[in-house]
Amino acid sequence: MAAGSFRRSIASQLSKVLDLPPENLIKSISAVPVSKKRHVADFQLSIASIIENSSGDCSAQDLHLQAQQLAERTVLQQVWKDGSEYGVKSELFSTVPRQKAVVEFSSPNIAKKFHIGHLRSTIVGNFIANLKAVLGHEVVRINYLGDWGMQFGLLGVGFQSFGNKEKLKSSPLQHLFEVYVQINKAAEDENTKKLAKDFFRKLEERDEQALSIWQQFRDLSIEEYIRIYKRLGVHFDEYSGESFYQEKAQEVLKMLEDKGLLQKTIQGTGVVDLSEKKDLSAVSTVMRSDGTSLYITRDLAAAIDRMNKHSWDTMIYVTDKSQSNHFQHLFQILKLMGYDWAERCQHVSFGLVQGMKTRRGEVVFLEDVLNEVRSRMLQNMTSTKTSKETQDPVETAEKVGLAALIIQDFRGLLSSDYQFSWERALQSRGDTGVFLQYTHARLHSLEQMHGNAELTDVNVSCLQEPDAISVLQHLLRYDEVLHRSSQDLQPKHIVSYLLTLSHLAAVAHKTLPVKGSAPAVAQARLCLFHAARSVLANGMKLLGITPVNQM
C-alpha cells in the first residue's frame, strides 16, 4: 500500500472519532522519518494544522487524546473480539486467495539415524503448515519416509542374523538401527552382499514373505514415530514413502522416453539433459543401468501423483540446503515434461546445526533430544523456588524445553548454519523460549489472581503510561509480522516480535501494578495484560510451542 492510501485509510478512521471530514485530516498526516529510537510511530498527525483548518472549537489537548486513544482502544477490542484469529483477519490478508498447500516435511529414513536435520525439517515444516492453516489455506501434511532401497536388503538379512522380535516390538527404531549397524559391519563379506541384493530383489518382485517382513518394519516404525511426533505436538495427514512409487517411477521413465527426454549414456544409465544448449553439459540421472529407478525418479512420480490426488495450488518441500540441487533438477524435469505447475513447487531449505550432543554423546534419535531437554529443564526448574507450585513438573519441563529448542532454531534465517548450545537455549532471561514461556505463565497467573478482565467496563484512557502505550503499539504491529512471515516463510519475524512483546510486557508488569490500583485502572491494566498474553499465546502456537500456565 502506498503511503498516500495509508494516509487516506488513517484519515477515514480518525474522521469518525474526531467528527471531522477526512479531507481536512489527510494533509495533517505525515510519515515519520526513520529513527534509531525504539518507540517511534510510522505516521504523525499535526494537531496544530487540524485546529487551523477546523471551524470547530476543539482544543489541541482534546484532539491529541482522542487520536491517541483511537488506536489503543481499537487494538484491545480487536484482540478481544478476534481471539486466536487476531492479526489474521487484517486487511493485509483480505486479497490473498485461499489455496490448497501440500507440505512435505520431517521424512526420516527407517533404520537410519533420525539426525538433527530431521528435527529441523520437522519443526520448520510444522511452522509452515501451521501458518498456512491459520491464514485459512487447506493444508495437507505429508511425511515422505525413506522406506525403500538397498538398506532394506541389508536389514532383511540382518534381522535373520541379529534380530529380536521382542525388541522390535518394544523399541523398533532403536532395534532396527542396531541391526543395521551390525549388518553393515558384516556387509564387507561378499556372501552378505549377495544375500542383501537377493532380499531386495525379492522385495522389488513383491515376494510375499520378504514384503511381510518389510511391512512389519515399516508399520512398527511409524507407530513409534507417531508417539514421538505427539511429544513434539506434530501430526501428519499422510505417511507416504518411496515404496509407494516403485511402479509409478517406471511409468515416469516410460513418459520421459515417450517425450524424447530420456537419453542413455555409454554406461547404460538413463539421464535427462538439463543444459540450455542441449549439449549434455548438465544432466540428471534418473535410471540405473539395470533399468531400476532412483530417488529423483520416485520424487517425480510422487509429485505427479500428489497433483492428481490433491489438485494443490502450492507444494513445499522442507529439507536441508544440501538437497537444493536435487530439487532444482526435480522442478526442471517436471517443467520439461510439460507440467507448468512445477513453478508452484518450492524448496524451503535450512542450514546445518552443529554441536547438538546429549550427555551420553552424539544424538542418534529424536527421542534422545526430547529426553535430554526435558531432564535439563527439570533440573533448572527444581533449582528455582517457583517450580514447586507446578502441578505437573515433567510435562511442564517438556513444553518449556521444546520452546527453548524451537526459539534457538528459529531466531536466525533458516538457511544459516548455527552452533547449538544447551546453556544458551535454556537460559531463563534474555531472548529464549524459556523466557517466552515464563512471561506467558506470569501473565496467566496475574489473570488468575485478579479474575478475568471484562472489556465492556474498561476505560482505555487509564492506560496513559509510556510502558502501557509501548505494549499497545506493539500489539498493533502483529498483522504486519504475520504478513512478512507468510511472504518469505521465515519464522524469525514472529520470534523477534514475540521476544519484544515479552520484554515490553515484563517491564509493564513491574511498573503497572494491578493490585492496589484504583478499580478502573486495575481493570484497564488487566485487560492490557490479557491482550499481551493472548497474542503471545497465538504466536507461540504458530511456531509449534504449547504455552504453559505455570512454571
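Tutor: Helices (H or I, at least four residues) and strands (E, at least two residues) are runs assigned by DSSP and numbered from the N terminus. In those terms, L280 is found in the loop between strands β7 (270-273) and β8 (283-287). The structure is a predicted model, in which local features need pLDDT of at least 70 and side-chain atom pairs count only at pLDDT 80 or more, while totals for chains, interfaces and linings use all residues. Residues are numbered from 1 along each chain as its sequence is written, and side-chain values use heavy atoms, with hydrogens and water left out.

A residue is called buried under 20% relative accessible area, exposed over 50%, and partly exposed in between (1.4 Å probe, protein chains only). L280 counts as partly exposed because its relative accessibility is 43%.

S106 is not a glycine, yet its phi is positive, at about 75°. The place of S106 is in the loop between β3 (100-104) and α5. With a relative accessible area of 3%, S106 is buried.

A further loop residue is M337, which lies between α13 (324-336) and β10 (345-350). M337 counts as buried because its relative accessibility is 4%. Contact means heavy atoms within 4.5 Å. Leaving aside residues up to four places away in sequence, M337 touches V252, M255, L256, K259, L261 and I304. The C-alpha atoms of M337 and V252 are separated by 9.7 Å, although the two residues are 85 positions apart along the chain.

Two packed helices are described by the angle between their axes and the distance between the axes. Axes are lines fitted to C-alpha atoms, for helices over the stretch in contact, and angles run from 0 to 180 degrees between N-to-C directions. Helix α11 (residues 246-258) packs against helix α12 (residues 295-310) at an angle of about 95°, with their axes 8 Å apart. Angles under 35 degrees count as roughly parallel, over 145 as roughly antiparallel, 65 to 115 as roughly perpendicular and the rest as oblique. Helices α11 and α12 are therefore roughly perpendicular to each other. In their contact, Q246, K248, A249, V252, L253 and M255 of α11 meet T297, R298, L300, A301, I304 and D305 of α12. By class, these residues divide into seven nonpolar, two polar and three charged; Ala, Val, Leu, Ile, Met, Phe, Trp, Tyr, Cys and Pro count as nonpolar, Asp, Glu, Lys and Arg as charged, and the others, Gly among them, as polar.

Helix α5 (residues 116-134) packs with α21 at an angle of about 130°, and their axes are 7 Å apart. The two helices are therefore oblique to each other. F127, N130, L131 and V134 of α5 make the contact with K541, L542 and L543 of α21. This contact has five nonpolar, one polar and one charged residues.

Helix α21 (519-543) also belongs to what covers the buried residues of α17, together with α14, α15, α16 (422-425) and α20 (492-511), among others. Buried residues of α17 include F435, L436, L443 and L446. Just after α17, G451 takes a positive phi of about 80°.

Among the covering helices, α14 (residues 366-382) and α15 (residues 393-410) pack with each other at an angle of about 110°, with their axes 8 Å apart. They are therefore roughly perpendicular to each other.

The protein chain has 21 helices and 14 strands. Buried residues make up 52% of its 551 residues. Of the contacts with a separation of 6 or more, 72% join residues 24 or more positions apart.
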